[in-house]
Amino acid sequence: MQQLDDPALINLISEKDEASLGELYDRYHRLVYSIALNVVGRPEDAEEITLDVFSRVWEKADTYRSERAKVTTWLTRMTRNRAIDVLRREEIRPMKHSVSWADVLPEPAANSDRPESAALLSIQKERVHEAINTLPDSQKEVLALAYFKGYSHSEIADELDLPLGTAKARIRSGMQKLRALLQDE
């Protein structure tokens, strides 16, 4: 199982192969947990979200399309959406203040049994950090609020005292720049 790439694991999971789900969990549960914790801020909720995300992977593996996103992107998006749903359901919002990229918890280390995965993860992390550092502060700020605090576009506009269109434009522009910089990954 460890030799299989992520899309191959997802394909096996769609065929209800439990060992494949276990391998995917081993690879990415710390990533999913840290994203959930960054959004909800409570370890017990982050644990619940992590389990829920992998349950959804089991149920919806056949909906994954490798041409649309990497498995890590798919998991990250699912985690973020689920964490925001938890906040909305409980009608809780994180404290209203800006967040810097330095406030974000570092991504967990890769499985130590797989040094090639740890090296690849380290290289990917460095590329992302370098790409983020090229963005103007105004774009970094809106992206951090959107992706790490779970703020909606209108909440970002209110928090930063910006017109809604400006907040949306900064998010869109920042994401386009990041996508272009990381495209060859």
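**A chat about helices and rings**

Q: I'm new to this one. What does Ile-13 touch, leaving out residues up to four places away in sequence?
A: Ile-13 touches Ser-20, Leu-21, Leu-24, Val-57, Trp-58 and Ala-61. Bear in mind that this is a predicted model.

Q: Okay, and where is Ile-13?
A: Ile-13 belongs to helix α1, which covers residues 6–14.

Q: Is Ile-13 buried or exposed?
A: Ile-13 has a relative accessibility of 0%, so it counts as buried.

Q: You listed Leu-24 among the contacts. How far apart are Ile-13 and Leu-24 in space, C-alpha to C-alpha?
A: The distance is 9.1 Å, and in sequence Ile-13 and Leu-24 are 11 residues apart.

Q: Where is the kink in α2 centred?
A: On Tyr-28, and the kink is about 55 degrees.

Q: What comes just after α2?
A: Gly-41 does, and it takes a positive phi of about 75 degrees.

Q: Now rings. How many aromatic pairs turn up in the whole structure?
A: A search finds 2 aromatic pairs. One of them is Tyr-25 with Phe-54: the ring centres are 5.0 Å apart and the planes sit at 70 degrees, so this pair is edge-to-face.

Q: Why does the pair of Tyr-25 and Phe-54 tie together parts apart in sequence?
A: Because Tyr-25 lies in helix α2 and Phe-54 lies in helix α3 (residues 43–60), so the parts being tied together are 29 residues apart in sequence.

Q: Is Phe-54 buried or exposed?
A: Phe-54 counts as buried, because its relative accessibility is 5%. Tyr-25 has 30%, so Tyr-25 counts as partly exposed.

Q: And Tyr-64, which residue does it form an aromatic pair with?
A: With Trp-74. Tyr-64 and Trp-74 are 5.2 Å centre to centre with 55 degrees between the planes, a tilted pair.

Q: Where do Tyr-64 and Trp-74 sit?
A: Tyr-64 is in the loop between α3 and α4 (71–89), and Trp-74 is in helix α4. They're 10 residues apart, and the pair links distant parts of the chain.

Q: Last one: is Trp-74 buried or exposed?
A: Trp-74 comes out at 14% relative accessibility, so it counts as buried. Tyr-64 has 9%, so Tyr-64 counts as buried.

Methods: Residues are numbered from 1 along each chain as its sequence is written. This is a predicted model: local features need pLDDT of at least 70, side-chain atom pairs count only at pLDDT 80 or more; totals for chains, interfaces and linings use all residues. Side-chain values use heavy atoms; hydrogens and water are left out. The bend at a residue is the angle between axes fitted to the seven residues ending there and the seven starting there. Helices (H or I, at least four residues) and strands (E, at least two) are DSSP runs, numbered from the N terminus. Rings of Phe, Tyr and Trp (its six-membered ring) pair if their centres lie within 6.5 Å; planes under 30 degrees apart count as stacked, over 60 as edge-to-face and the rest as tilted. Buried means under 20% relative accessible area, exposed over 50%, partly exposed in between (1.4 Å probe, protein chains only). Contact means heavy atoms within 4.5 Å.
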